[in-house]
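Notes are below the view, in the order I looked things up.

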Amino acid sequence: MSEPAPEAVLVLDEVRKTFGATAALTSGGITVEAGSIHALVGENGAGKSTLVKIVAGVHRRDGGTFRFQGRDVDFTSTADAKAAGIAVIYQEPTLFPDLSVAENLFMGRQPRKSAHRIDRAAMYEHSELLFQRLGVHLDPRRFARGLSIADQQIIEIAKAISLDTALLIMDEPTAALSGVEVDRLFAVARALRDEGRALVFISHRFEEIFALCDTVTVMRDGAYVATQAVAETSRDEIVAQMVGREVAELFPKTPAPIGDTVLRVEGLHSTGKFHDVSFEVRAGEIVGIAGLVGAGRSEIARAVFGVDGYDSGSVHLHGEAVPMRDPQASIKAGMAFVPEDRRLQGLVTESSIARNIASVLRRGLARAGFLSPRSELRAADAWAQRLQVKTHALDMPATTMSGGNQQKVVLAKWLATEPSLLIVDEPTRGIDVGTKAEVHRLLSDLAGQGMAVVMISSELAEVLGMADRVLVVCEGRITADIDRDRATPETVMRAATQTHRPEAGA
Amino acid sequence: MKHTAATLLRSREAAVALVLLAAVVLTALKSESFVFSADGWRNLLVTPSMLVILAVGQTAVIITRNVDLSVGSVLGLTAYMTGRIFIEAPGTPIVAVVAAAIGLGAVLGLVNGVVVAVAKVPALVVTLGTLYIYRGVFLTWAGSDRINASDLPDDFLALGNAQIASVPVLSIAALAVLIAVGYHLYYSRGGREMYAIGSDPDAARLYGLPVTRRVIGAFVLSGALAGLAGVVYAVRYGTVSSGAGLGIELEAVGAAVIGGVAIFGGSGTVWGAAIGAALLVTINRALPVVGISDFWQRAVVGGLILAAIVLDRVLALRRERRLGIERDTRSLA
């Protein structure tokens, strides 16, 4: 590794961090120059998030060099890091749901009229200005509760750029954003760079890295691998550095015999969420549900599975009516649902991995009504191995795992119920290429074994590569049902952005 | 018209105030002197003052997603100390005694806060423990002894009847506390941080808010106000026996919940809690006037708390639905 240039804003070298028996970082490093946008890439569990959290003051390193603006630093809290001029946009939004949008932006540094009086009018005004800069329309007075993930992400971004920071770290800020919002974010990021600030950008989307960043640092297995100028490298080279081997990137679905209808949804309607939704899914078929974020895809999936209720319509599995708002009955009938937000809905993050995997099996595992940790471990082990969950012990809490491994645990948990219908919502969101291909291969295998799969995804390439049929949702309605051979980025996007008939909206 | 009524009812403070007003009016119809007599008017204003003070402190704690169950014992202990000071050191200025009571309350609150915020033990457990410990200290100190009105100086007892412009001094004190804390929670950065902490403690820590300091602050405030309430108790009743303040912590929590303070923190105002406290006290006094038995009085209080929680749930569901429709119209636009 070359000598860090004297003007580097952030220098991390040989940074080590262990959690219990797990070494999250063995030799982490990155050198970020002022006035540049630096991409940080690596597979799941490569240690990116841990590195970021050390810089942010969430974790303290066990050893190694940590220099910020030319001084050795050692932050003991997020407040320290913030005061030093570091802002972080975390992967998962961290908002206060009971407070207004504006208060979320300015908490702890609200504009004041006097020492004891917050100037709310000024706060709202500043918020409007920030949103204008990002080109979005959000009411600063409304509560943060109930905002879509995309809007929450925008608030995080607005919060970070409003701080006068020397270093801005963005951990997958674009995961939930639409194309236009991503463009605006990039414009703002470039403006910040041109002001001489340093930015670190973590993403799994290579197009974004090549469009936005100047430099890229690759990490693998908790260690620094290489730093290069983006202009002098290629996607293939970065991928090879990340995984240490060449990977087939998007695993296309292997053809499978299509069987009988497994799921039939008819005229599903829920005020304010979706309208007149009808579709069928057959055994061995992967049906992709595409659409913009907030179009109502997840809401439809949640209603079908029975998490949420609906106003009218019906759901049939193998010809049998599935009762509304009864997930237990759905599971018994053979449905499995891997939700979008794995941290909130898919995992008991404080519980052990084994317990998470075994949680939906409880009844089958219990002996005389009691559940032994050993039977949980036994049931979990088979699935964890099959999915190659990287962790040292199944009895560790799920919260210590990386995003990709968490997703695998959620999948394992549901596959252990041996469902006939699997609904996955954004199965590869925030997951690196290596794991992504594994998830794709797994879904393809499952369909090959005769499982019916419904896959919701915002990534067009994933939908086009995997799905036998693409349903496009726009503003709560299914606007297209496209077969594999007719599905192109153009046909799908046209249906996803199709404007609504005005008389129906009134 | 319909719109304004709906907006008004959506504000919990207004809704509870309406219920309070209705209770007062209905009781006054039955017995005019409940409101329209010198005594009735004074009692209407002065009886809620002690619970209002406690409910304000409790609200500050609940907003941070904690609870303070020790306030009843703190109240008893400080009320007894107030009397003791007048016995041991007659002639001590009243202001000094009040300050001592508030100070003792603050120290007891500090103990709660430190154990909760630093040792990270759930507040429910910690303050349940100190509820018994503080009460135990009180019992040991007092023994079978009790403070009688004759032990207290006349000008101290006179505070119970003193009025300024036909408003009792004790009510003014409670109102002053209410305004000060209400202002702090709404206008100061520290106050807003307390809401943020209760709304999502993990996010607050990640954000870098001074969580430990704010939580300790809330407990100190609650303790100090319980100390002040102890003085009010001594003034109002003149006698302080070992049962002083027994069970009043639950009334304080109940008042906050009725007033719209979310039990899991993050939302609600001291105004609501204060109106809730006034409602609890007033209903307790009104029910015997309209001839309802003891048993039902308790049940009415319980019913109010349940009604408040059901109302919260219904409103939350409706809000969720409205946000759904709003999201739809936004995407249409």
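**Entry: ground rule.** I'm working from a predicted model here.

**Entry: domains of chain A.** I looked up how chain A is divided. Domain 1 takes residues 8–95 plus 147–243, domain 2 takes 247–334 plus 420–506, and domain 3 covers 349–418. I then checked the C-alpha centres of domains 1 and 2 of chain A, and they lie 33 Å apart.

**Entry: the sheet.** In what order do the four strands of the open sheet in chain A run? I get S14-S13-S16-S17, with antiparallel pairing. Strand S14 (274–282) and strand S17 (320–321) of chain A sit at the edges, each pairing on one side only.

Strand S16 (residues 312–317) of chain A is joined to S17(A) by two bridges, and the two strands run antiparallel. For A:His316, I found A:Ala321 in S17(A) as the bridge partner.

Entry: Which strands does helix H9 (residues 297–305) of chain A lie across? I noted S13 (261–270), S14 and S16 of chain A, with H9 running at about 65 degrees to S14(A).

Entry: I went to the UniProt record, an unreviewed entry, for the feature "transmembrane region" in chain B; its spans include 164–186 and 215–235. I checked both against the model.

- Residues 164–186 of chain B come out 78% helix and 13% strand, with the end C-alpha atoms 28 Å apart.
- Residues 215–235 of chain B are 100% helix and 0% strand, and the end C-alpha atoms are 31 Å apart.

Key
Residues are numbered from 1 along each chain as its sequence is written. Chains are lettered from A and ligands numbered from 1 in the order in which they are written. This is a predicted model: local features need pLDDT of at least 70, side-chain atom pairs count only at pLDDT 80 or more; totals for chains, interfaces and linings use all residues. Side-chain values use heavy atoms; hydrogens and water are left out. Two strands pair if DSSP finds at least two bridges between them. Contact means heavy atoms within 4.5 Å. Axes are lines fitted to C-alpha atoms, for helices over the stretch in contact, and angles run from 0 to 180 degrees between N-to-C directions. UniProt positions are given in the numbering used here, feature names are shortened, and annotations may be inferred rather than shown by experiment. Domain bounds come from an automatic or database domain assignment.
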